[in-house]
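Subject: Structure handover

Hello,

Here is the structure I promised to pass on. Please open it alongside this note.

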There are 2 protein chains.
Amino acid sequence: MNEFFREVEPGKAYRLLNHGPTVLVSARHDGTDNVMAAAWACALDFSPAKVTVVLDKSARTRALVEQSGYFVLQVPTVAQAGLTHAVGTHSLADDPAKLARFGVELFGVDGVPAPLVAGCSAWLACRLVPEPHNQQAYDLFIGEVVGAWADTRVFRDGHWHFEDADPRWRSLHYIAGGQFYAIGESLTVVNPEA
Amino acid sequence: MNEFFREVEPGKAYRLLNHGPTVLVSARHDGTDNVMAAAWACALDFSPAKVTVVLDKSARTRALVEQSGYFVLQVPTVAQAGLTHAVGTHSLADDPAKLARFGVELFGVDGVPAPLVAGCSAWLACRLVPEPHNQQAYDLFIGEVVGAWADTRVFRDGHWHFEDADPRWRSLHYIAGGQFYAIGESLTVVNPEA
């Protein structure tokens, strides 16, 4: 990766997801890579950081997560809105060349047995915490964060800097029918007693 | 409630949370009401709509949810940023007058045994789906949505209309240390193949 790809300290990894962005979920097993979009991903714990993500039974990525025991959640940007919607609406089962066709570029990090998607703003590498009942009954997967990174052009020193970055770095928040909202303005409650 | 308070059709209730807003969690048991903020709330299913929310063992609201079996997730607005941060950082255990002190106004809906917070943009009344292992091991609570409502000034016809509403209606997305982002601009992917 490039010079802007930096590790995020484990205790602050939750902040990469805390504002509720739509994410890309990537996984690899037995030579097969896949990437899907998921609006239903959420932080679950601070330390060790954990996450939840909902993976439908029809998703090819889900099988790769179950087989490999690893996945990466990454935060796509406004510049990747088309890619995000495309990988969220096309299955690898129907379209084996899906990643190449939608311009998804992958890279690896030592020790992480799942691929990362280039061009995102942040990445959380997760080890699956097996919970068969949740997975079967609710399609709900829990991961423990084993590594976190961000692009320093938009997240550094433990904080997002959307307000200083090019608007194309803003996170995406999916609604339905191809419509997203980008994250907006920062506001800080100075005196919570007021 | 006022003329702008309208039911949301059950199949579209997930859209109230899909963009990942910070929520207020309210519950009532045995004459005690409480409201807390939660950044870790997420949609879990479409129909019947379900949600997840993380409720720490130290939260008084958690006990009310466990005892009553009901809670409401509601989406606070930029105008409520101070209130949201305040109820998220003060416990009813230490501050019995917390709701009055921070200007939290509650109202009721027939058939919902938990209070709703006035001034929010959307509300999801939920019946707790008991999952003792998730609750104990992960502080993770699952709810089935039994009613959904929104303020038509910002959500109507199954869609958010942040772009046409006063900016004070925008949803809040908490990071840390009193800092939130408001939701921003709408963008629609017209041709996901492109």
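Below is what turned up in it, starting with how the two chains sit together.

Please keep in mind that this is a predicted model.

**How the copies are related**

Chain A superposes on chain B by a rotation of 180 degrees, with 0.0 Å of shift along the axis.

**The interface**

How many residues are in contact? On chain A there are 56, and they touch 56 residues of chain B. The area buried between the two chains is about 4600 Å². Carbon and sulfur atoms give 59% of that area.

Next, the polar side. Between chain A and chain B, 27 residue pairs are in polar contact, counting pairs with both residues at pLDDT 80 or more. Salt bridges between the chains come to zero.

Which parts of chain A build its side of the interface? Several helices and strands each supply at least two residues. The helices are α2 (81-89) and α4 (132-138). The strands are β4 (41-46), β5 (49-54), β10 (140-151), β12 (159-160), β13 (172-176) and β14 (179-188). β14(A) gives the most, with ten residues. By class, this side of chain A has 30 nonpolar residues, 18 polar ones and eight charged ones.

**Strand pairing across the interface**

Seven bridges join β14(A) to strand β14 of chain B, residues 179-188. The two strands run antiparallel.

**Backbone points to check**

Where does a cis peptide bond occur? In chain A, one runs from S47(A) to P48(A), with omega near 0 degrees. P48(A) lies in the loop between β4 and β5 of chain A. Chain B has a cis bond between S47(B) and P48(B), where omega is about -5 degrees. P48(B) is in the loop between β4 (41-46) and β5 (49-54) of chain B.

One more backbone item concerns D139(A). This residue is not a glycine, yet its phi is positive, at about 60 degrees. D139(A) sits in the loop between α4 and β10 of chain A. Both of those elements, α4 (132-138) and β10 (140-151), supply residues to the side of chain A that touches chain B.

Best wishes

Note on methods:
Residues are numbered from 1 along each chain as its sequence is written. Chains are lettered from A and ligands numbered from 1 in the order in which they are written. This is a predicted model: local features need pLDDT of at least 70, side-chain atom pairs count only at pLDDT 80 or more; totals for chains, interfaces and linings use all residues. Side-chain values use heavy atoms; hydrogens and water are left out. Contact means heavy atoms within 4.5 Å. Buried area is the accessible area (1.4 Å probe) that two parts lose on being put together, summed over both. A salt bridge is a side-chain nitrogen of Lys or Arg within 4 Å of a carboxyl oxygen of Asp or Glu. A polar contact is a pair of N or O atoms within 3.5 Å; within protein, one must be able to donate a hydrogen and the other to accept it, and residues adjacent in sequence count only if both atoms are side-chain atoms. Helices (H or I, at least four residues) and strands (E, at least two) are DSSP runs, numbered from the N terminus. Ala, Val, Leu, Ile, Met, Phe, Trp, Tyr, Cys and Pro count as nonpolar, Asp, Glu, Lys and Arg as charged, and the others, Gly among them, as polar. Two strands pair if DSSP finds at least two bridges between them. Copies are superposed by least squares on the C-alpha atoms of residues with pLDDT of at least 70 in both.
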